Every structure is written in structure tokens, then in C-alpha cells.
Amino acid sequence: MGDRMNTTQELDTIEGMIRTEEEAVLEEIGNDKQQSTLFHTLNDQANKIFFAYDSGDTLIGLYGGKLQQVQLRDDQYSPQAFAFTKNLNRISNIITRSKSIRAQIEHELLISQELKDNLERMGEERDHGILHALQGLANTKARRAEGVRPPVEVFDRLRQVTSETQALSVSHTNLRVRLAHSLRIIKRLIKSMETVGDVDALSEKITAFLSTVPLDQAQLTCGDMPATNNASTTTS
């Protein structure tokens, strides 16, 4: 009778450990999804800004010099060319000022990507561990109901699997904290970045304007304004 009570108590103790860990894992899964969603949202926001910067950089390279040539002529086209050039200079200044911030964001995105990948891998190991523990618990309880007393090795294995899952959960939580910190940095840096406006619309306006300038009034060759040569960032 004593052995039976001891077996039941030990099984109840182990089940309590497994159920507690199961609840913690379910909560972690929800947090993982939220962080993954936030990462992709911030990544998309950053790349949208970077794309606009690079498009502006290309626009400067294409039309900067041409507009400067038109400005040099004292005629009806000069004021409009000056206005467009002023806009391109504004974009160029923004790109220049934002170089260091962009580099920081790109760096943090790479760190966050690596942390997210490791988090997902460790999460899969953790989930597998708790499922293994739950399956072992169910099998043990079924045999116990049939009157079969599980050997000591079964309890040891259940404790081991649960302990390993708990250790994975701790490491997983530490990774999630690091990822959250990195995402906060990215979010703050993105908010500090200046916008260059609708580059496509500006490009269309400049193209339309230059098409009205007679070729005998300005030789519209490729511009002399250097591009800032920002490379696009793509993060999965």
C-alpha cells in the first residue's frame, strides 16, 4: 500500500511539474509570435525608408546635373529648375545626415534576424521536449490505471525531460529579452529617420519639366552631382 501511495504521489508531483511547464510554454509561444510580427513590421518599415533614400539618390544622379545646367540660363526655365534642384539638395542632405542612423538600423536588423532564427530553433526544441514529456506522462498514467507499476527509470526519464525543457525555456526567455531590446532600438532609430517624400512623384515632375526645355537652350547631358551610393538593405 505504501509503495502504491509513493508511486501515486511521485506521479502527481511529476505531472504538476509538466503541467506548469506546459502553461509557461504556451505563454512563450504567444510572445514569440508577437516578437516575430514586430520584427517583420520594423524590417518592412526600415526597408521602405531605405528604398526611398536609394531612389532619391538615383534621382539626384540622373537629373541633378541637368537641372543645374538649366539654372545657369537666365530664362523662363531657370526658376523651376532652381526649385527642383533645391528639392534634390534637400533629399541629398537627408541621405547624408541619415547615413550613421541607417548603418545602426542595418546592424540591429542583422542582430535581430539572428536572434529571431535562434529563438525559433530553440522554441522548436522546447516544444518537442514538452510534447515528449506530456506523451510520456500520458503513457505512464495509462499503465498505472491498468495496475502496472512503472519502473523507477520511467520517473527518472520524465523528470529529466521536464528538466531539459525547463532549461531550454530559460535560455529561450533570455534570447527573447535580447531580441526585445534590439527591436526597441530599431523602433527608436526608425522614428528618428527623416523622410524624403514621394520620390516617384518628384521624378515624374522633373521628367515632365525637362521634356519642355528646348534642346537648343540647354544640353541636357548626364548630371555632375555625385550620388551618395547607399546600398539597399534586404533582411528576411
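The conversation below takes up the helices and then some of their residues.

Tutor: This is a predicted model, in which local features need pLDDT of at least 70 and side-chain atom pairs count only at pLDDT 80 or more, while totals for chains, interfaces and linings use all residues. Residues are numbered from 1 along each chain as its sequence is written, and side-chain values use heavy atoms, with hydrogens and water left out.

Student: What makes up the secondary structure of the chain?

Tutor: The chain has 5 helices and 0 strands, where helices are DSSP runs of H or I with at least four residues, strands are runs of E with at least two, and both are numbered from the N terminus. Along the sequence this gives the pattern α-α-α-α-α.

Student: How do you know that the span of helix 3 agrees with its number of residues?

Tutor: The expected span of a helix is 1.5 Å times one less than its number of residues. For helix 3, residues 99–145, the 47 residues should span 69 Å, and because the end C-alpha atoms are 68 Å apart, the two values agree. After helix 3 comes Gly147, whose phi is positive, near 90°.

Student: Why are helix 3 and helix 4 called roughly antiparallel?

Tutor: Axes are lines fitted to C-alpha atoms, for helices over the stretch in contact, and the angles between N-to-C directions run from 0 to 180 degrees. The axes of helix 3 and helix 4 (residues 152–192) come within 7 Å and cross at roughly 160°. Angles under 35 degrees count as roughly parallel, over 145 as roughly antiparallel, 65 to 115 as roughly perpendicular and the rest as oblique, and helix 3 and helix 4 are therefore roughly antiparallel.

Student: Why is Glu15 called buried?

Tutor: Buried means under 20% relative accessible area, exposed over 50%, and partly exposed in between, with a 1.4 Å probe and protein chains only. Glu15, which lies in helix 1 (residues 2–71), has 16% relative accessibility and therefore counts as buried. In the chain of 236 residues, buried residues make up 41%.

Student: Which residues does Glu15 touch?

Tutor: Leaving aside residues up to four places away in sequence, Glu15 touches Leu137 and Lys141, where contact means heavy atoms within 4.5 Å.

Student: What makes Leu137 a buried residue?

Tutor: Leu137, found in helix 3, has a relative accessible area of 1%, and so Leu137 is buried. Not counting residues up to four places away in sequence, Leu137 touches Leu11, Glu15, Ile18, Arg19 and Leu158. The C-alpha atoms of Leu137 and Leu11 are separated by 8.3 Å, although these residues are 126 residues apart along the chain.

Student: How do you know that Ile14 is buried, and which residues does Ile14 touch?

Tutor: Ile14 belongs to helix 1, and its relative accessible area is 0%, so Ile14 is buried. With residues up to four places away in sequence left out, Ile14 touches Phe155, Leu158 and Arg159. Phe155 is 141 residues from Ile14 along the chain, yet their C-alpha atoms are separated by 7.8 Å.

Student: Why is Gly123 called buried?

Tutor: Gly123 is found in helix 3, and with a relative accessible area of 5% this residue is therefore buried. Gly123 and Glu28 are 95 residues apart in sequence and 8.7 Å apart in space, C-alpha to C-alpha.
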